[in-house]
Amino acid sequence: MGTTTRRNASAMKMVGALLALYRQAAGHTQRSLGERFVIGEQQIASIEQGRRPLKPDLAEQLDELLGTKGALSIALSKMPEVDLVPLWAEEFLDREREAIAISSYENQVLPGLLQTEAYAWAVFRSRVPFYDEDTIARLAAARIERQGILQGKEPPITCFVVWEPVVRAPIGGRTVWREQLRHLRACSELPGLMLQVLPQDRTSHAGLNGPFVLLETPEHQRLAYTENQRGSQLIADADEVAILTQKCAMLRSQALTPEDTRELLDRLLGEQ
């Protein structure tokens, strides 16, 4: 998969302002434009406010509809580049920032929203092909910045189910691991956040097909996100999302309770 770069926030606002100007000149409201492209009024508003990046394919369609002779596409192509982000993760990150509810199951590494900076560095250092140190620094910083959604005035309701071997794996070495355990223990006390460990001695469980994330948008649309070795998929199909929602419910019933999870973390920390 190719990569792209996270765009400068000020440049995103500039492109958004251009879209608002051209939209108004063409006699469209945010609602009418959103309905025209089946993306919704809220997404148009987010782009115009610089909170959501304008994608190249949508920029081309908007240029054609609004008669702007490629102005939006050109502005988009000239935006300054900041942080390296996989192209296939862009839409997920946009939706995650706005989500009112997030649920996930992980069986390889700890969820990005719960990682310490040192743990994130260790994860990115394990990548093949290898990243250089500057790239790792930018990626780790971006991952930590994402975690701000858990500390906001109105954080999303979050539920994390993590397979026990992931919690026990000393990624980055034992010092990094101990710090990560302490961080998990602190996160488990956050309001609206539920952390559950799925015991490794379960003879069967609903997560054998791999990790996934469920999101609920402010418009109460439910989405799912899955990753593999070389890409990912953001799923909007209601039937597919329903299947993963059922799996999530089963995993939560098969995992330790949040209280028992805190006791496990305390035991692991006590053994250090």
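Author: Two strands are said to pair if DSSP finds at least two bridges between them. Helices (H or I, at least four residues) and strands (E, at least two) are themselves DSSP runs, numbered from the N terminus. The model is predicted, with local features needing pLDDT of at least 70 and side-chain atom pairs counting only at pLDDT 80 or more, while totals for chains, interfaces and linings use all residues. Residues are numbered from 1 along each chain as its sequence is written, and side-chain values use heavy atoms, with hydrogens and water left out.

With strand β7 (residues 222-228), β6 pairs in the antiparallel sense over 4 bridges; in β7, Tyr 225 is the bridge partner of Val 213. The two strands form a hairpin with 5 residues between them, and His 220 in the turn has a positive phi of about 65°. Strand β6 also pairs with strand β3 (residues 101-106), again in the antiparallel sense, over 5 bridges. There, Ser 103 stands opposite Leu 214 of β6.

Thr 135, Ile 136, Leu 139, Ala 140 and Arg 143 of α8 are buried. Seen down the axis of α8, these buried residues fall within an arc of 125° and therefore line one face of the helix; the arc is that of the directions from the helix axis to the C-beta atoms. On the other side of α8, Asp 134 and Glu 145 are exposed.

The charged side chains come next. The whole structure contains 14 salt bridges, a salt bridge being a side-chain nitrogen of Lys or Arg within 4 Å of a carboxyl oxygen of Asp or Glu. One of them joins Arg 185 to Glu 189, with the closest N and O atoms 2.7 Å apart. Arg 185 also meets Asp 266 in a salt bridge of 2.8 Å, N to O. Because Asp 266 lies in helix α12 (residues 258-270) and Arg 185 in helix α10 (residues 174-187), this pair ties together parts that are 81 residues apart in sequence. Asp 266 counts as partly exposed, at 37% relative accessibility. A network of salt bridges links Arg 185, Glu 189, Glu 259, Arg 262 and Asp 266.

Lastly, which cysteine sulfur is closest to that of Cys 159? It is that of Cys 248, at 5.3 Å, too far for a bond. The number of disulfides is 0, a disulfide being a pair of cysteine sulfur atoms within 2.5 Å. Cys 187 is likewise in no disulfide, the nearest cysteine sulfur, that of Cys 159, being 14 Å away. Cys 159 is buried at 2% relative accessibility, and Cys 187 is buried with a relative accessible area of 7%.

Technical notes
Buried < 20%, exposed > 50% of the residue type's maximum accessible area, 1.4 Å probe, protein only.
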